[in-house]
Amino acid sequence: LLWPPSDSPEVRVVSVGGEAAPADPRAAFGTFGADVALPVTSSTQVLIETKNVEPESVVEVRITPRDTFNAQVITATRVDPAISTDPLTYHWTASVPTNLGYSAIQVKVVRP
């Protein structure tokens, strides 16, 4: 199976600090510039979207700074009601710490 079926579970970062995240992020920790640039702040909101994922699932956001690689994992909170029921689509939010410099953000779903 090369491409998953259209009804497969999906998760993506929609925005970071209100700035739209690219559908295909390409930044390489500063080589070509950031995918999303944030003002200096101690934390920011990450908006995540899931499709075909049970609402009882756990969505985790992992943030890893380039200079220390000390990753932190934050559990996101589901925003009710669902955005759509066909396909089942939810938004989730997480408040993540920010540091000066580049960080990588990854999301994953742990399904029940």
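**Strands, core, pocket and pairs**

Biologist: Is Glu 19 buried, partly exposed or exposed?

Modeller: Its relative accessible area is 44%. With a 1.4 Å probe and protein chains only, buried means under 20%, exposed means over 50%, and partly exposed lies in between. Glu 19 therefore counts as partly exposed.

Biologist: What pLDDT do local features need here?

Modeller: Residues are numbered from 1 along each chain as its sequence is written, and side-chain values use heavy atoms, without hydrogens or water. The model is predicted: totals for chains, interfaces and linings use all residues, side-chain atom pairs count only at pLDDT 80 or more, and local features need pLDDT of at least 70.

Biologist: Which residues does Glu 19 touch, beyond those up to four places away in sequence?

Modeller: Glu 19 sits in strand β2, residues 19–20. Strands (E, at least two residues) and helices (H or I, at least four) are DSSP runs, numbered from the N terminus. Contact means heavy atoms within 4.5 Å. Under that cut-off Glu 19 touches Val 14, Val 36 and Ala 37.

Biologist: How far apart are the C-alpha atoms of Glu 19 and Leu 47?

Modeller: These two residues are 28 residues apart along the chain. Their C-alpha separation is 9.7 Å.

Biologist: Is Ser 15 buried or exposed?

Modeller: Ser 15 lies in strand β1. Beyond four places in sequence, Ser 15 is in contact with Ala 20, Ala 21, Gln 45, Val 46 and Leu 47. Its relative accessible area is 12%, so Ser 15 is buried.

Biologist: What is Val 96 in contact with, leaving aside neighbours within four places in sequence?

Modeller: In soluble globular proteins, nonpolar side chains tend to be buried together. Val 96 has one of the highest contact counts inside the core. Its contacts are Ser 42, Ser 43, Thr 44, Val 46, Val 61, Ile 63 and Ile 74.

Biologist: Which element gives the most to the lining of the largest pocket?

Modeller: On a 1 Å grid over the protein atoms alone, a pocket is an open set of points where a 1.4 Å probe fits, with protein on both sides within 12 Å along at least five of seven lines; lining residues have an atom within 4 Å of a point. Of the 33 lining residues, Asp 35, Val 36, Ser 103, Ala 104 and Ile 105 are closest to the centre. β1, β7 and β8 (103–110) each give two or more residues. The most, 5 residues, comes from β8.

Biologist: What is the volume of that pocket?

Modeller: Grid points are joined across faces, edges and corners, and the volume is the space filled by probe spheres set on the points. For the largest pocket that gives about 810 Å³.

Biologist: Which salt bridge partner does Arg 12 have?

Modeller: A salt bridge is a side-chain nitrogen of Lys or Arg within 4 Å of a carboxyl oxygen of Asp or Glu. The N to O distance in this pair is 3.3 Å. The pair links strand β1 to strand β3, 37 residues apart.

Biologist: Which residue pairs with Glu 54 in a salt bridge?

Modeller: Glu 54 lies in the loop between β3 and β4, and its partner lies in the segment after β8, 57 residues apart. The closest N and O atoms are 2.8 Å apart, and the partner is Arg 111.

Biologist: Where does Pro 87 lie?

Modeller: The peptide bond from Asp 86 to Pro 87 is cis too, with omega near 0 degrees. Pro 87 is in the loop between β6 and β7.

Conventions:
Core = buried A, V, L, I, M, F, W, Y, C linked by side-chain atoms within 4.5 Å.
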